[in-house]
Amino acid sequence: DSTYALYAASKIYGLKCLCFTFDNGFLSEYAKRNIENATAAAGVDHVFYRVDRGLLLRLYRLFLSKCGNPCPVCMRYLEASPHLMAKAFRVPLVIGGWGARISYLSIVPELYEGGDVDFFRNVVRGEHLEKEVSLPWHAWRDPSGEIVKDLYRIRFVRAGLRRLFGLSWDLVPFVVPSIGLFDFLEVPYATLRQVIEVEMGWKKPPEQFEHMDCLLHEIPFYVHTLKFPELTAGTLYRSGLVRLGEITRSEALEAEYNELRNPPGEPQALGPFLQEIGMSHDDFLSSVQDWRVLERFRPKH
């Protein structure tokens, strides 16, 4: 999705792009090669941002222990850091390969929690590492929503302050609007794949799953099956493909039945990951069973 977003921004709309990747320390070699190929094909600069690995591992353990889900850690950094990078390089717009049409997990609150800053803050509040995670706080709650509608008002106020008081650009709040490309473009999956393979040098790894960029990608889907045994690791993925018209409901159900009859078992990455974050297998199982714990840390509106 992000590779196609770069293709559209650079080759269709002719924008001058600075590419950004949050590296959680578990990027696959396929992902790294695809990034190199895509940025070379588009002729753009690229920045990797990597958080201290020890801090990330402590955050993964904390989020698994308290809410049974490690993914909000990366999601918070993915939401916050591009906007900080845009501010640092004076980039006026953030474009990403996301959108409601393809964010099928976001409609399942029992399983999914994104990078909401209030949720993140509620989980780390009172913990020893709270003071170590300053970056995730420094982002507007929803750069693509309420902030955007106030953008012109903020620009007007900023311009007025600069004229009246001579404040420098860096002292006045800077808001970077963002666009999820797939809220606006509807590209058939087959077309998208063909374009990024031919135009951007993108290559798919042998395994048949979507998030091949992260070596931990199978763990959260396995967690879904522990919370709800009626699900397989691919249920929500296939349901998204059905809604996109990429496969039929009958094809999805057949794949579901096959996976239920022959469950793949624990992901290979789980054991090494638990060892690295210092969590026992029993503690992991007890932490991820209850889907209701996510609700405890969500802001009450």
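Reader: What kind of unit do strand 1, helix 2 and strand 2 make?
Author: Strand 1 (residues 18–23), helix 2 (residues 29–42) and strand 2 (residues 45–50) make a right-handed β-α-β unit. Helices (H or I, at least four residues) and strands (E, at least two) are DSSP runs, numbered from the N terminus. A crossover is called right-handed if, when the strands point away from the viewer, the path from the first strand over the helix to the second is clockwise. The model is predicted: local features require pLDDT of at least 70 and side-chain atom pairs pLDDT 80 or more, whereas totals for chains, interfaces and linings use all residues. Residues are numbered from 1 along each chain as its sequence is written, and side-chain values use heavy atoms, with hydrogens and water left out.

Reader: How do you know that strand 1 and strand 2 pair?
Author: DSSP must find at least two bridges between two strands. Strands 1 and 2 have six, in the parallel sense, so they qualify as paired. Phe20 has Val47 of strand 2 as its bridge partner, and Phe22 stands opposite Tyr49 in strand 2.

Reader: Why is Thr39 called buried?
Author: Buried means under 20% relative accessible area, exposed over 50%, and partly exposed in between, with a 1.4 Å probe and protein chains only. Thr39 has 13% and is therefore buried. Thr39 belongs to helix 2. Beyond its neighbours within four places in sequence, Thr39 is in contact (heavy atoms within 4.5 Å) with Leu6, Cys19, Val44 and His46. Thr39 and Cys19 are 20 residues apart in sequence, and their C-alpha atoms lie 7.6 Å apart.

Reader: What makes the aromatic pair of Tyr4 and Tyr7 tilted?
Author: Rings of Phe, Tyr and Trp (its six-membered ring) pair if their centres lie within 6.5 Å; planes under 30 degrees apart count as stacked, over 60 as edge-to-face and the rest as tilted. Tyr4 and Tyr7 are 5.5 Å apart, centre to centre, with 45° between the planes, and therefore form a tilted pair. Both residues lie in helix 1 (residues 2–12), three residues apart, about one turn of the helix.

Reader: How do you know that the charged end of Arg33 sits over the ring of Tyr30?
Author: The criterion places NZ of Lys or CZ of Arg within 6 Å of the ring centre and within 35 degrees of the ring normal. The charged end of Arg33 is 5.1 Å from the centre of the Tyr30 ring and sits over it. Arg53 lies over the face of Phe26, 4.5 Å from the ring centre.

Reader: How many residues has the largest nonpolar core?
Author: A nonpolar core is a set of buried Ala, Val, Leu, Ile, Met, Phe, Trp, Tyr and Cys residues joined through side-chain atoms within 4.5 Å. The largest has 36 residues, and those with the most contacts inside it include Leu59, Tyr60 and Phe63. Helix 3 (53–67) and helix 4 (71–88) are among the helices that each supply at least two residues, and helix 3 provides the largest share, nine residues.
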